Each structure stands twice: as C-alpha cells, then as structure tokens.
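Trainee: I would like to learn how to read a model like this one. Can we go through it feature by feature?

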Amino acid sequence: MSHNSSAVQSHVAHHFVDSEQQFDAAKFGMWIFLVTEILFFGGLFAAYIIYRAWYPDLYTMASTQLDTTMGAINTGVLIFSSLTMALSIWAAQHNDKKKTGIFLLVTIACAFAFMVIKYFEYTHKFHLGIFPGEAYTFTGIDHPKAHIFFSIYYMMTGLHGIHVIIGIGLIFWLWMKNNKGSFNSAYYTPIEIVGLYWHLVDIIWIFLFPLLYLID
Amino acid sequence: MSTSSGINADLGLKLKRFVTPDHPEVNYAQAEKGIKAWLTTVDHKKIGLMYLGAIAFFFFIGGLLALLLRAELWTPAKTFLDADAYNQVFTLHGAIMIFLVLVPSVPAALGNFFLPIMVGAKDVAFPRLNLLSFYIYLAGATFSLYSIVTGAVDTGWTFYTPYSATTGTSVVSMTLGVFILGFSSILTGLNFIVTLHKLRVPGLTWGKLPLFCWSLYATSVIQILATPVLAITLMLLVMERTLKIGIFDPALGGDPVLYQHFFWFYSHPAVYIMILPGFGIISEIIAIFSKRRIFGYWFIALSSMAIALIGFLVWGHHMFVSGQSTLSSIVFSLITFFVGIPTGIKIFNWVATMYKGSISMRTPMWYAMIFLFLFTIGGFTGVTLGTLSVDVHLHDTYYVVAHFHYVMMGGMLIAFLGGLHLWWPKMTGRMYNERWANIAAFLIFTGFNMTFFTQFILGAKGMPRRYYNYIDQFQSLHQFSTVGTWVLALGFTIILIYLLQSLGKKGVIASKNPWNGRSLEWLTTTPPVLENFTYTPVVIHGPYDFHKPIAEFEYGIESHGHGHHDASVHHSNEESVNA
Ligand code: HEM
Ligand SMILES: [Cu+2]
C-alpha cells in the first residue's frame with residue numbers, strides 16, 4: 001500500500017490522506033447514520049409493541065381493514081428496487097455509465113410505484129373515515145381504541161413514506177451526477193452510501209408489512 | 001542514538017523532528033478574512049468558536065432568567081411575577097440551559113476545536129456536515145426563541161403529557177426547536193466517531209488517545225443512540241397536539257406514563273451527554289497540572305463507555321412515583337446504584353493521579369478541584385435519590401433541584417470553565433489575567449454553594465420544586481439562596497471582562513505550550529495554523545508521558561505528504577530520526 005500524494009485524485013477532499021480513507025470514512029459515517037434511523041423508527045416500534053401487548057384483540061380486528069394485496073405488491077416493488085440499486089453500484093464499479101443510469105432510473109420508478117400504491121391505500125381509508133387521531137369517524141371496528149391503531153399505522157407508514165420521498169430525491173441526484181460522468185470504478189462512494197440508505201428503507205418496510213397487515 | 005530508542009515504534013515510517021515556532025506567520029483566523037469567510041467556513045476551529053459564541057449568548061439569556069426566578073422567590077407570596085409567568089420562566093430557563101447550552105457546550109465548542117487537533121487530523125471527517133450542524137443548531141434555537149414571543153411554554157423542560165398536550169402555550173414551536181437541535185447533536189456525534197476511527201495519525205493507537213477524546217467518543221455514542229428516540233418522542237407529542245393521535249393523552253385513550261418512559265429513555269442518557277465531556281476535561285487538567293501520568297488510564301477511558309451503556313438502563317428512577325410497577329422500581333433502583341460505580345472509579349483515579357504529583361494550582365486546576373468537590377456531592381445525592389424509599393419523600397422537591405445543579409453546573413459547567421481556561425491561550429493566542437481568574441473562580445465556588453446547598457436543606461424540609469410561593473418558614477433559606485445567585489453573576493461577569501480584555505491591545509501573548517502539555521494540541525503553533533499542523537505528526541509516546549523529553553513528541557513524517565493510520569511501509573531510517 002503506498003501513500004504517494006501524486007496518486008491523490010481530485011475527488012479526495014483536502015483533509016483525507018487518500019481515496020481509500022475517504023471511502024472508509026463515508027461508508028462508516030453512513031452506517032452510523034443508519035443506526036440513528038433504526039432508533040428513530042425504534043420509538044414507533046416500541047409504541048406499536050406496547051399497545052399491541054395491551055390490546056391484542058384491537059390489532060387483530062383493525063388490521064383486517066388494511067389491504068394485504070396492495071401491501072404485498074408494495075413489498076415486492078421495494079425488494080425489486082433494492083436489487084436494481086445494488087445493480088447500479090455493480091455497473092458503476094464496471095465503468096458502465098449507461099447501465100448505472102438505467103438501474104438508477106428503474107429504482108426511482110419503483111419508488112414512485114410504491115408511493116402511488118400507498119396513495120391509493122390512504123385515500124381509500126380517508127374515504128371510509130379512517131383518519132389518524134381525533135378525525136377518525138369509521139364505525140366498522142368495534143373497539144374503543146381503534147383510532148390509536150390507525151394513529152400508529154399512519155405514523156409508521158407516513159414516516160416511512162417520507163423516507164421513500166427523500167430516497168427518490170437522492171437517487172435522482174445520483175442519476176444527474178452519473179450523467180455528468182462523475183462515477184467510475186475508482187469512485188462510486190455516493191452510490192454506495194445512498195444504496196445503504198435505500199436498503200434500510202426497504203428493510204423497514206419488510207418489518208412494517210407483516211407487523212401491520214398480517215396479524216391473525 | 002539515545003533518543004532514537006523506541007522512536008521508530010514499529011511504524012516503519014521515515015521520521016523527522018519538527019520544532020514548530022510559538023507563533024505562525026498566518027494563523028487559522030487570519031487565513032480567511034471577513035465575516036463571510038466565518039459564516040461559510042468549514043474549518044472545525046472556527047465552527048467551534050462560533051458555537052462557543054452562541055453558547056455563551058444562550059448561557060447569558062438562561063442566566064438572566066435564573067436571576068429572575070430567584071428574585072421572585074425573595075418573598076413567600078408573589079414578589080413581581082405571577083404564577084403563570086413564573087412557570088414560563090422556569091421552563092425557558094431549563095430548556096435553554098439544557099438543550100442550547102449544556103448538551104452542545106463541551107462537544108460542539110471545545111470538542112470541535114480540539115478533537116481533530118488531538119488526533120493530528122486536518123479537520124473532522126465531514127467538515128461540511130459540521131458547518132451544517134451549526135446552522136441546524138441556530139435554526140433550532142430560533143424555533144425555541146420564537147416560542148417565547150408566541151406565548152412561551154409552561155410545561156417544564158420535560159414536556160410531560162397530558163398537560164403538554166392541552167396547555168394553551170406554544171409547546172409545538174418549542175418541541176420542534178428541541179427536535180431540530182437533536183439533529184445538530186447527532187451530526188456532531190457522528191462526525192466525532194468517524195474522525196476518531198478513521199483520521200488518527202500514525203502511531204496514535206487507541207491506548208494513546210487523550211482521555212478527552214475518549215470521553216467525547218462515549219458521549220457521541222450516547223448522542224447517536226439516544227437522541228433519535230427523543231426526536232420521535234417529540235414528534236409524537238407534536239402530532240398529539242396537532243392531530244390528537246391519542247397515544248399519550250388519556251382523554252383520547254392514550255397513556256401519559258408511556259410518554260415519561262420515552263422521555264427518560266433519552267433524557268437519562270442525556271445527562272451523561274452533559275457530564276462525560278466534562279470528565280474528559282478534568283482528566284486532561286489533572287494530568288497536566290500534576291505532571292504525572294494519569295492513574296488508571298484504561299479505567300478512566302472504559303468507565304466512560306460503561307457509563308454510556310449502563311446509562312440506558314436506569315431511566316425508570318425518574319418515575320418511582322409515576323405509577324410504574326413496584327418490581328420495575330426496585331430493578332431501576334438497583335441498576336441506578338451500579339451506574340455510580342464507574343463514576344466513583346474516575347474520582348479515585350483523579351485523586352490518585354495527584355498523589356505525589358508536582359501540583360501547580362493555576363486557574364484550570366482550581367476548576368478541577370472545584371469540580372471534584374461539587375461533583376462528588378452531586379453524585380452522592382444522586383445515589384440517595386436512586387434509593388427507592390428515600391426518593392418517594394424527596395421526589396419533586398428542591399433536593400432534586402439541588403442534585404441536578406450540583407452535577408450539571410457544579411460538574412459540567414465548572415469543567416467547561418476549566419477547559420476554557422486550559423485552552424484559551426491555544427484558541428486565541430492570549431493569556432488571561434491569572435489573578436482575576438482566581439478571584440472569579442472563588443466567587444463562583446462560593447456563590448454556587450450558597451445558592452444550591454441551601455436547596456438540599458429546603459428540599460429535605462419538603463419545599464416542592466416549580467412553585468412560585470412557599471410557606472413563611474422557608475424565607476430566610478430562600479433569600480440566602482437568592483443572594484448566592486448574585487455572587488455567581490458577579491463571578492461570571494468578571495470572567496467575561498478579563499477574557500475580552502485578554503483579546504485587546506494590552507493582552508498578554510501566550511506561548512505555544514504554556515502548561516508544558518504533551519498531547520498534540522500543545523505541539524502546534526499558538527494559535528494553530530489553518531490545517532492544524534504544517535507536517536503530519538507521528539505519535540510515539542502517550543499523552544501523559546511527562547517524564548519523557550518534549551523532543552520525543554515532536555516527530556512527524558519526513559517526506560512531504562501524509563500518513564495513514566495503518567501505514568505499513570516497511571523501511572526505517574535511523575539518521576533522519578536523529579536529525
Ligand atoms: C451518580 C450518578 C447519578 C445518579 C445515581 C443520579 C440519580 C438521579 C435520580 C434518582 C434522579 C431522580 C430524582 C427524582 O426526580 O426524584 C435524578 C434526577 C436528575 N438528575 Fe441525576 N443522578 C446522577 C448523576 C447525574 C448527572 C451526571 C446529571 C447531569 C449532568 C444528572 C442530572 C439529573 C437531572 C437533570 C435530574 C432531574 C430531572 C427532572 O426531574 O427534571 N444526574 N438523578
Ligand atoms: Cu436519571
């Protein structure tokens with residue numbers, strides 16, 4: 001391993017020794033950020049678990065109002081998008097600018113598809129009067145705390161949805177950078193770390209889906 | 001050849017001795033000029049100083065509010081604030097002091113300035129993120145201040161539901177402010193962890209890291225793990241107020257005790273965010289001013305980590321009377337006793353370090369002594385409060401108020417002042433007036449004990465906290481406490497004056513190593529240059545090896561270029577070592 005300063009490339013910021021150190025730092029930083037994300041959602045998961053322990057029958061009754069088919073499709077869409085995200089990193093590592101771009105676009109398309117399906121789910125519920133909190137007017141569930149289940153549902157899926165939207169923005173930014181030819185086998189750090197983020201968004205949904213939709 | 005023994009230290013790098021001058025031709029503040037250069041700088045030192053300025057400002061505001069509170073308590077009935085105004089003032093005082101002053105104080109100001117220098121790096125790992133965190137801090141502060149204009153908050157800094165979900169005051173802007181501040185704190189923690197892992201210069205193993213860095217490491221871990229939980233809790237509270245989601249508000253079917261669990265899951269660990277960096281400073285000061293190798297280096301380093309982890313398991317001691325089950329109370333009480341152990345270990349180590357040392361009582365060392373005295377009282381009273389049966393009597397009394405002021409102000413704030421005096425010459429290039437500094441330290445020590453020791457007595461006699469009136473028997477004690485705050489105010493004013501004066505024309509120029517320290521910040525110029533060092537330092541001895549000649553600390557990589565912390569170039573060169 002040599003630390004020759006002439007090897008330092010333009011993308012290495014002034015305070016790093018070499019691109020390896022910069023890459024390590026960026027990736028490590030992202031992992032730490034993901035830990036904070038997990039704890040952020042962890043608060044909501046805790047609320048979910050506590051209320052489920054208190055009112056198990058509420059959860060069984062209320063989850064019947066969630067559309068399992070739509071949820072399952074969305075799960076498939078997100079898992080597929082994680083694959084295309086990973087493929088875009090692979091393409092960048094192989095200096096294939098065109099494929100990198102395509103895979104990024106497919107990932108964005110999946111994210112949009114996810115949001116559209118979510119939109120239909122939400123509007124359907126609003127139509128029935130299933131709102132979070134006080135606005136809840138639905139009478140189909142015979143349980144005094146029914147609104148709390150949906151408050152938790154909206155908080156969890158809403159926060160997740162915000163993360164999907166942020167992900168769309170980030171991946172779009174990657175796509176633009178890729179068009180300018182910023183990535184190659186020696187430098188693809190941004191794709192790698194946004195990829196980590198995107199996998200996390202995916203994994204959180206993989207937890208949300210069975211916890212909310214598949215209660216029996 | 002005598003000095004070369006051990007100097008190659010298996011690094012296999014070509015080393016050379018670099019003797020830096022006392023003062024650089026161009027220091028970091030002169031390198032980029034103008035107000036715009038300050039506001040857009042990514043230099044960790046300038047960002048640290050901007051934090052320092054902001055924190056000092058909020059400390060001033062928080063302090064004024066405290067003077068108001070104490071003045072109101074001059075008489076048993078209403079003096080000049082009515083009950084509502086009093087509630088708003090103590091809430092603001094608490095929220096400002098905790099979220100705007102103490103949490104960021106040492107890490108964001110002194111840590112930002114010194115952590116990269118102490119590991120020999122040119123900057124933190126993510127300089128732009130660092131600047132962003134400062135602006136997020138300002139944004140959060142703006143939200144919190146906005147709440148004052150729009151009707152203030154009267155919930156106490158703990159924002160307990162159901163009251164916080166229903167009161168007419170502007171809880172939303174205050175909680176959003178704290179929410180935003182949390183992100184600033186997370187970004188600082190993230191930056192420090194990555195910097196410590198990835199940017200250490202060659203030779204700086206974990207075992208040679210100054211203890212200040214270790215303490216910031218432990219603090220950062222808490223910031224990363226606890227702050228997101230606070231963020232989501234406050235988010236839920238905001239939703240509770242806006243959408244009435246009913247998770248915490250019993251009127252809507254929710255559970256207010258759940259809020260307390262969530263809040264303290266963050267806020268107990270957060271009290272360690274507010275003390276561990278102080279521990280770090282005290283370790284540096286005591287070693288430097290005793291000129292002895294710190295006693296039990298690994299105990300001090302790892303007990304910070306132990307505190308960081310055990311601290312996550314004791315939150316229930318704030319809820320002994322909130323209706324949690326007796327079993328949980330007993331368990332929380334037991335674990336609370338355990339958390340005192342690593343803290344006690346540190347105290348013994350510090351005292352053992354001073355034993356047979358050649359102690360010089362300069363201002364930072366005075367603060368370290370004040371810290372030992374006050375923090376020990378604060379810690380012991382914490383253990384008494386952790387005792388279940390005792391806490392049932394003392395909970396929500398002035399005893400608790402006195403306890404947390406002894407740890408927060410007597411501990412962290414005093415350590416912060418110690419650190420400020422220790423590093424002031426390095427940061428500014430000027431030496432403060434030693435005599436006035438001693439006088440101010442004495443006034444602060446006296447004023448502090450007048451103000452808060454009295455409150456232990458008041459609390460034990462049953463004076464409840466957060467009341468704006470009280471029974472007549474308590475008047476003399478309350479008045480004594482109020483006079484104490486005036487002495488404190490005088491002490492802080494003197495500090496402000498002599499520090500500002502040192503920056504002026506008559507200020508005394510400081511040398512690069514006024515205390516004869518050994519860690520890297522003392523080896524660069526005063527004030528440091530833009531990227532901290534003109535060479536890449538190589539660390540050979542530990543930061544507290546005062547018995548080794550200073551020359552052996554001044555080595556760096558010979559060739560122009562850089563060193564990676566796991567550099568493994570395999571050839572050594574004895575001649576250049578001796579050069
Ligand atoms: C040996 C270590 C400590 C122990 C055993 C301890 C124990 C306790 C206990 C049991 C309480 C609850 C009292 C009650 O509400 O009835 C408490 C309150 C508090 N402690 Fe500590 N403590 C320790 C150190 C600290 C430190 C280092 C800080 C901050 C730097 C701190 C800050 C606080 C605060 C702010 C409160 C009051 C919170 C409130 O109710 O508003 N403590 N402590
Ligand atoms: Cu606590």
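Trainee: How many residues surround ligand 1, and which are the closest?
Mentor: Keep in mind that this is a predicted model. Begin with a list of neighbours, then ask which stand out. Here 20 residues surround ligand 1. The closest are B:D391, B:H395, B:H403, B:F404 and B:R465.

Trainee: Which atom of ligand 1 is 2.8 Å from an N or O atom in the side chain of B:H403?
Mentor: A nitrogen atom of the ligand. For B:R465, the ligand supplies an oxygen atom, and the distance to a side-chain N or O atom is 2.7 Å. B:W157 also faces an oxygen atom of ligand 1, with its side-chain N or O atom 3.2 Å away.

Trainee: Which elements give two or more residues to the shell around ligand 1?
Mentor: They are helix 9 (256-273), helix 13 (363-386) and helix 15 (398-428), in chain B.

Trainee: How do the shell residues divide by class?
Mentor: Count each class over the whole shell. Around ligand 1 there are 10 nonpolar, 8 polar and 2 charged residues.

Trainee: Now the interface. How many residues does the contact take from chain B and from chain A?
Mentor: Look at both sides, then at the area. Chain B gives 41 residues and chain A gives 37 residues. The buried area between these chains is about 3400 Å². Carbon and sulfur atoms give 74% of that area.

Trainee: What is the count of salt bridges across the interface of chain B and chain A?
Mentor: Treat salt bridges and polar contacts as separate tallies. The rule finds 0 salt bridges between chain B and chain A. For polar contact, the count is 11 residue pairs, both residues at pLDDT 80 or more.

Trainee: Which helix gives the largest share of the side of chain B that touches chain A?
Mentor: Start with the contributors. Helix 7 (171-198), helix 8 (211-242) and helix 9 of chain B each supply at least two residues to that side. The largest share, 8 residues, comes from helix 8 of chain B. By class, the side of chain B that touches chain A holds 25 nonpolar, 9 polar and 7 charged residues.

Trainee: What about the backbone? Where is B:P162, and is the peptide bond from B:T161 cis or trans?
Mentor: Read omega, then find the residue. The bond from B:T161 to B:P162 is cis, with omega near 0°. B:P162 sits in the loop between helix 5 (127-149) and helix 6 (163-166) of chain B. That loop between helix 5 and helix 6 of chain B also holds B:F159. B:F159 has a positive phi of about 50°, although it is not a glycine.
Mentor: Another cis bond runs from B:T526 to B:P527, with omega near -15°. B:P527 is in the loop between strand 3 (508-509) and strand 4 (555-557) of chain B.

Trainee: Last, chain A. What pattern does chain A follow along the sequence?
Mentor: Count the elements, then take the extent. Chain A has 6 helices and 0 strands, in the pattern α-α-α-α-α-α. The C-alpha trace of chain A spans about 70 × 30 × 25 Å along its principal axes.

Trainee: Which residues is A:I193 in contact with, leaving aside its neighbours within four places in sequence?
Mentor: Those are A:A26, A:K27 and A:M30. A:I193 belongs to helix 6 (residues 189-213) of chain A. Its C-alpha atom is separated by 23 Å from that of A:L208, 15 residues apart along the chain.

Conventions. Residues are numbered from 1 along each chain as its sequence is written. Chains are lettered from A and ligands numbered from 1 in the order in which they are written. Side-chain values use heavy atoms; hydrogens and water are left out. A residue is near a molecule or strand if one of its heavy atoms lies within 4 Å of it. A polar contact is a pair of N or O atoms within 3.5 Å; within protein, one must be able to donate a hydrogen and the other to accept it, and residues adjacent in sequence count only if both atoms are side-chain atoms. Helices (H or I, at least four residues) and strands (E, at least two) are DSSP runs, numbered from the N terminus. Ala, Val, Leu, Ile, Met, Phe, Trp, Tyr, Cys and Pro count as nonpolar, Asp, Glu, Lys and Arg as charged, and the others, Gly among them, as polar. Contact means heavy atoms within 4.5 Å. Buried area is the accessible area (1.4 Å probe) that two parts lose on being put together, summed over both. A salt bridge is a side-chain nitrogen of Lys or Arg within 4 Å of a carboxyl oxygen of Asp or Glu.
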